[in-house]
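Hi,

Here is the model I promised to pass on.

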There are 2 protein chains.
Amino acid sequence: MSGVLEGLRRRLARISDLERAQSLAAWDERTQMPPGGAEARAEQLATLAELEHEHWVSDELQAALERARGEVEGLPADSDEASLVRVASRLAERARRVPTELAGELARASSLAEQAWVRAREESDFKAFLPFLERNLELRRRYVECFAPYEHPYDPLLEDFEPGLRTAQLEGVLASLRDGLVPLVQRYADGQGRKDALLHGRFPLERQRALAERLLAELPIPRDERRLDTTAHPFAISLSPRDLRITTRYDQGDLAVAVWSLLHETGHAMYENGIAPQLARSPLGQGASLGFHESQSRLIENWVGRSRPFMDYLLRLFREYFPTQFEHVQAERLYRAVNRVERSLIRVDADELTYNLHIVVRFELELALFQGELEARELPQAWAELMRTYLGVEVPDDASGVLQDVHWAAGLFGYFPTYSLGNVIAGQLWALVSGELDGLEEQLRSGELGPLRDWLRDRLHRHGAKFEPAELIERITGGPLDPGPLLTQLERKYEALAAGV
Amino acid sequence: MSGVLEGLRRRLARISDLERAQSLAAWDERTQMPPGGAEARAEQLATLAELEHEHWVSDELQAALERARGEVEGLPADSDEASLVRVASRLAERARRVPTELAGELARASSLAEQAWVRAREESDFKAFLPFLERNLELRRRYVECFAPYEHPYDPLLEDFEPGLRTAQLEGVLASLRDGLVPLVQRYADGQGRKDALLHGRFPLERQRALAERLLAELPIPRDERRLDTTAHPFAISLSPRDLRITTRYDQGDLAVAVWSLLHETGHAMYENGIAPQLARSPLGQGASLGFHESQSRLIENWVGRSRPFMDYLLRLFREYFPTQFEHVQAERLYRAVNRVERSLIRVDADELTYNLHIVVRFELELALFQGELEARELPQAWAELMRTYLGVEVPDDASGVLQDVHWAAGLFGYFPTYSLGNVIAGQLWALVSGELDGLEEQLRSGELGPLRDWLRDRLHRHGAKFEPAELIERITGGPLDPGPLLTQLERKYEALAAGV
């Protein structure tokens, strides 16, 4: 690499280190920090965010990018070098729109709001959380204005998570999903009375923790490169491609929570683990977008984790840790239990068919908030109404309603739709890998995900953030973003399930 | 506070946030991080150290300090404002002597060396650690040269930990200690055969962890403001005065390791917890020096934790967690067991009489290293010789010799003597508080350390780093640093113990 590019790389590596320092502080805040540390942590996060922002907007970086653009002219667009300069230029350009003071304030406010959200959710008290949410919204609206003029006020939010995607296109994708899923939910949703007791009962936390550690140990991430912790709202964070922080939560009455949260977060971690080492410490050393990230978590959680062959493996594991409950259970019964369709209140516990309807609810509320059609204080009521419309459920309290997710506390608006994009992309990838990977079914049956990991690494993981989402999906599948494969496969799966009754 | 001072404060708060981000990264590295994260962590720490250094040496900070010096002229020297400007000016002046690249390299090399040390100690393999140690030494020598001319090459190292103290004065204090202690060791040291089995046996780790959490819960730090983790080499780090990270280690065959490490580290944490809130996020928001810090840990570990009345409390606790072992034990026997004097190999497990001789060994080796009289590769042999001379023991392997401490791996030269300074200051403070605090003995008997904490907070903790060590000891005791009270009290204690046989 030339001196010019080496100089740019060094500057970008510093920025990356500052980002990872923020990730560590956020992980610690959510899994380790005593509550007394909340205020100081907010200040520390704000300082790190400000410093990162100052680096992005500095004249020195501008000059280094300018020189580097000359240097990579003529290189293939998909070379590491050209990609680095292109992606870094885009990020620097965006950062220069935002005042450093606002960047710090966004970090400070969301750190405080997250702490307030934890308490408010425990007490199901939206009012206690409202001032923090209003502050987050006010700051986020100021942020949006930094990018005027825009087609839609939601576009600048989306751009941070899905480079290149516009609100208009997203509305189309979500509408197709909704229209495809609503009839499936009507056809296959169980009534309230038919709950399978299999995964509900008494599962002591210590045994669940041991099971989770064992399951993680058998998934294809080296033991020395990850750890597992407990948190209120599971997430995965990468402090480097070889230092992955996976979290899950445990519910004594529901074994599914811990197991499928763990599978989900491990999908995220596998993605980061597979990014090409030479992209580390640069803006290319991360996932291509949140949608692509979520495609990996949903692929492991759903297409692997709720597949018929994987039940053979899981059942063996469950029998080992909870022999009384699973001794005489058949894999087929487990398969039905984890694929039960139910109109429910909580997004993270939702099945594959209703899940995207939870997203549609949040997406419509966010649009209304940023189009100026809805005030934060009106959210609980608006939430309840949309849940009634799309899912046919009554929201009994804020904890199982508007307070269930951390995202708005963390200042993350424009984030929820990426979950549905992830489902769509996972559907496209699963259609592809099912046809290409020999022996996949047998591997799932024995819980051996190495070959699948290798396939994903080769097609997707290693590229990091080199390509924009639209280009990446085209490179991998030969076509555009398409909800078709997801809907087709879901229809086939649930038809077969129903036929087997 | 004026606009000028407010501007300075903001700059210093940023630096403080960067320091705490490094503390978090170091704490995480030692207690949580998977090994795969080592290299990336070293880079992250180096970047944060470089950024901190750049802030200290920036022209903007210089200008802000300049203006602030005018502002505080005429204010009392012990006001918060004048102290802030004085201390920050001294630190900035020191930082300007050191190139930023060297500051980053020191952080990077020591992070890598710490990881190498963990592996080398496990395998008792000094040779595997040697290249890392040599690199640390080479960088530290370059650091010393930044401060030329100096009276003694050890002075610049000392100055980072004990502002104002010179090597010549330190040599005098350590010589007095050595000369006072050697005859006491000769008089009171037990032979190898008389080990009390009381604290040695089989203490399951889970029970020890529960005991440690319980003991910590009864010590005077609010539960919401600290946490306890396990590590190879116990330490305490403050991420804010209300976010204290205490660590200890557990040895299944030796209950004393966990309990007295915990008491020691809690002493450190109580100090940070007591710093006046208005000093937070500034260079005044930390302990006055490492010696003063260590005075607090040793005071809790030894003067509280090995006192006769505290045995009544500890025994009640031990009986609860290990009834079989402690059911029929008298407090007097526990008192004798924890005050047994023995010529031993490991510093952190050493008794009060031999402890400072372990320090003298390390101090003499460090002097020789920095005076150019000793090479790193000669350390194991030189270590063994000095241990023979001062303690009369034979070192069987590197793990129980030169590899036992993390300090040189962490690049901390000039640090060890502060342990002895801490013992000296703790002796002075204990003589004072014993005379002043009504009911102290009764409080120790019931494990109620609140009043002692309040006394220490009032005399010492709240001042943070406002005063240099020499001035602080004068303010508290009315006299200079003095090994006299330590030696007198130790002599009295061990005489009484011997008389009681």
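Predicted model: local features only at pLDDT ≥ 70, side-chain atom pairs only at ≥ 80, totals over all residues.

Residues are numbered from 1 along each chain as its sequence is written, chains are lettered from A and ligands numbered from 1 in the order in which they are written, and side-chain values use heavy atoms, with hydrogens and water left out.

**The two copies**

Chain B superposes on chain A by a rotation of 180° with 0.0 Å of shift along the axis, at an RMSD of 0.0 Å (least squares on the C-alpha atoms of residues with pLDDT of at least 70 in both). The copies are thus related as by a two-fold rotation axis. In chain B, the residue that comes closest to that axis is B:Ala21, with its C-alpha at 3.5 Å. Of the interface residues of chain B, 100% are also interface residues in chain A, so the copies meet through the same surface.

**The cores**

A nonpolar core here is a set of buried Ala, Val, Leu, Ile, Met, Phe, Trp, Tyr and Cys residues joined through side-chain atoms within 4.5 Å; buried is under 20% relative accessible area, exposed over 50%, partly exposed in between (1.4 Å probe, protein chains only). The largest core has 131 residues, and B:Phe318, B:Phe326 and B:Leu452 touch the most other members. Its largest share, eleven residues, comes from helix H15 (residues 352-370) of chain B. Apart from it lies another core of 130 residues, including A:Leu211 and A:Leu440.

Leaving out residues up to four places away in sequence, the contacts of B:Phe326 (heavy atoms within 4.5 Å) include B:Leu198, B:Phe203, B:Leu255 and B:Arg319.

**Two helices**

Helices are DSSP runs (H or I, at least four residues), numbered from the N terminus. H3 of chain B (residues 59-72) buries B:Leu61, B:Ala64, B:Leu65, B:Ala68 and B:Val72. Seen down the axis of H3(B), these fall within an arc of 100°, so they line one face (the arc is taken from the directions from the axis to the C-beta atoms). Helices H1, H2 and H4 of chain B are among what covers them, while B:Asp59 and B:Glu66 are exposed on the other side. After H3(B) comes B:Gly74, with a positive phi near 95°.

In H17(A), 15 of the 20 residues are buried, so this helix is largely enclosed by the rest of the structure.

Cheers
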